[in-house]
Amino acid sequence: MSLCLLLLLQVLLCCTLFSPPNVTAFTVIMSDSGVPSTLVDGPQTGFSMNHDGARTDKREQEAVYDIMKATGNGWATDIPDVCRGRWHGIECMPDKNNVFHVVSLSFGALSDDTAFPTCDPAQSVIAPSITHLPHLKTLFFYRCFSYNPQPIPPFLGLLGPTLQTLVLRENGHVGPIPVELGNLTRLKVLDLHKNNLNGSIPLSLGRITSLRSLDLSANKLTGSIPGFTFPSLNVLDLSQNLLMGPIPSSLWACHSLIKLDFSRNRLVGPLPEEPMSLKELMLLDLSYNRIQGPFPASIKSLTSLQALILKGNPMGSTTIPGDGFDGMKALMIVILSNMNLHGPVPESLGKLQNLRVLHLDGNHLNGSIPKNFGDLRNLSELRLNDNGLSGLVPFDREMVWRMKRKLRLNNNSGLCYDSRSGLGDGMDSTFDLGIHYCDTETPIPSSVRTHQHLSSLTQNSMPFPTPTPLTSHAVKPLASIFLLFALIFLSVNK
């Protein structure tokens, strides 16, 4: 499911966010069996039905033949005109002289329903002939070189005048990121997710000021994060690498960011105390780094934030300010597990009426659970286990039964619930809260002894959020719904 969401996110970013206005391309489609696809029984969009005399540029046609053969798709050489053939994965546009030009090439089996040409993973390479496509805007390779590891070819930098989307995802690429990619100054999407790239992030990428999505996650990149300033960046994902040092202050001023994911690196803190300029940020994931306290007061300035994930950072005996979440009305997911947090649970969390998931487990929190937690009617998962909490649990029977095994209170020796609340009526081990009645002096029966429930954030347990509307220069409504759902799902399931 994670892969489908990632790919859906990529399609939304490429097709919805970055399609230039008033420009139409058409896709030529051919099924692997040679039988006409049901996807193309009707007229194609764009110019395919109205330009019967048009032909593909000869030099570009020869280049496509070379590229197809290099990926194990030699069958394409039997097609007399590649832009007037019919297969998924190639898009063409005519010029004023009725000459077709290749504007998009995509390879890799995304799903059974997507018929992009597959690659021979043991022999495929990226052919240098790709530089003979002067109108190319999109280049997409997915799982094409897994058994023939190779560096990202520097000659891709020669596509700078036109290329807007470069996706080299899960291809097994090795070596450093070529500095020549910094010549792709019109690029809007750069996705190098889940390869075996090493070395540092090239400073030359800072020249791509039009970038809206930069994903270098799940590689072996080292060194520090450069102090980039991308004025239009929406997505920045550097997670699952070996990056070190502090987070550059310039990134806290990227006004258009929607997702910032630096999780699972070796970054150090502290986070800035002054207000951040990320007014449209929806997801912030810095989990599993080495960020230190104090708990940043600047978090309150992220008024559009819907998911905050900081788990696994040794904050250093820090406390969360009582008003630490005031005004963050959009928050739906807060994950602060195993952070060495001390002190009471802040009452400001109980004011977040949109809150769906809250994890505060594995800390040293004390005091009682704030009474206003009982008013969190949208809460579907709560983990307060493995702390030092005490006092009366402020949840009614309906709330407990709604969360069921998603409610974890065990290993808080001082917590109890009022027998008059009806929480114990008809409850069996399936709903064991790991606590006991406040008014009993008898030993706790085995049926209510503390134990750990198995629970995970799966798709079925996650809410389907409705994102806060964004400004017109960020994302369109349909894209924002799928974007947020995909980002939150992927982050909390790491």
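This is a predicted model: local features need pLDDT of at least 70, side-chain atom pairs count only at pLDDT 80 or more; totals for chains, interfaces and linings use all residues.
Local features are reported where pLDDT is at least 70, side-chain atom pairs count only at pLDDT 80 or more, and totals for chains, interfaces and linings use all residues. Residues are numbered from 1 along each chain as its sequence is written, and side-chain values use heavy atoms, with hydrogens and water left out.

Let us begin with the sheet. Helices (H or I, at least four residues) and strands (E, at least two) are DSSP runs, numbered from the N terminus, and two strands pair if DSSP finds at least two bridges between them. Five strands make up an open sheet with parallel pairing, and their order is S19-S21-S23-S25-S26. Its edges are strand S19 (342-344) and strand S26 (436-437), each of which pairs on one side only. Within the sheet, strand S21 (residues 364-367) and strand S23 (residues 388-392) run parallel and are joined by two bridges. If you look for Gly367, you will find that its bridge partner in S23 is Leu389.

Next come the charged pairs. Side chains of opposite charge can pair when their charged atoms come close. Here a salt bridge is a side-chain nitrogen of Lys or Arg within 4 Å of a carboxyl oxygen of Asp or Glu. Searching the whole structure turns up nine salt bridges.

One of the salt bridges joins the side chains of Lys69 and Asp66, at 4.0 Å from N to O. Both residues belong to helix H2 (residues 58-70), where they are three residues apart, about one turn of the helix. Lys69 counts as partly exposed because its relative accessibility is 49%. Asp66, at 31% relative accessibility, is also partly exposed.

Another salt bridge brings together Glu170 and Arg143, with 2.9 Å from N to O. Glu170 sits in the loop between strand S6 (165-169) and strand S7 (174-176), while Arg143 sits in the loop between strand S5 (138-142) and S6, so this pair ties together parts that are 27 residues apart in sequence. Glu170 has a relative accessible area of 10%, so this residue is buried. Arg143, by contrast, is partly exposed, with a relative accessible area of 42%.

With a relative accessible area of 54%, Lys351 is exposed, whereas Asp326 is partly exposed at 30% relative accessibility. Elsewhere, Arg169, Asp191 and Asp215 are linked in a network of salt bridges.

Now for the cysteines. A disulfide is a pair of cysteine sulfur atoms within 2.5 Å, and the whole structure holds three disulfides. Numbered in sequence order, the bonded cysteines of the chain pair as 1-2, 3-4, 5-6.

Cys83 and Cys92 form a disulfide with their sulfur atoms 2.0 Å apart, and both cysteines are buried. This disulfide is left-handed because the torsion about the S-S bond is about -75 degrees.

Cys119 and Cys144 form another disulfide, again with sulfur atoms 2.0 Å apart. Their link is right-handed, with 50 degrees about the S-S bond. Cys119 lies in the loop between strand S4 (99-107) and S5, and Cys144 in the loop between S5 and S6, so the pair ties together parts that are 25 residues apart in sequence. Cys119 is buried, with a relative accessible area of 14%, and Cys144 is buried at 0%.

Cys416 lies in strand S25 (residues 414-417) and Cys438 in the loop between S26 and helix H4 (477-492), so the bond ties together parts that are 22 residues apart in sequence. This link is right-handed, with 95 degrees about the S-S bond. Cys416 counts as buried at 11% relative accessibility, while Cys438 is partly exposed at 35%.

Methods. Buried means under 20% relative accessible area, exposed over 50%, partly exposed in between (1.4 Å probe, protein chains only).
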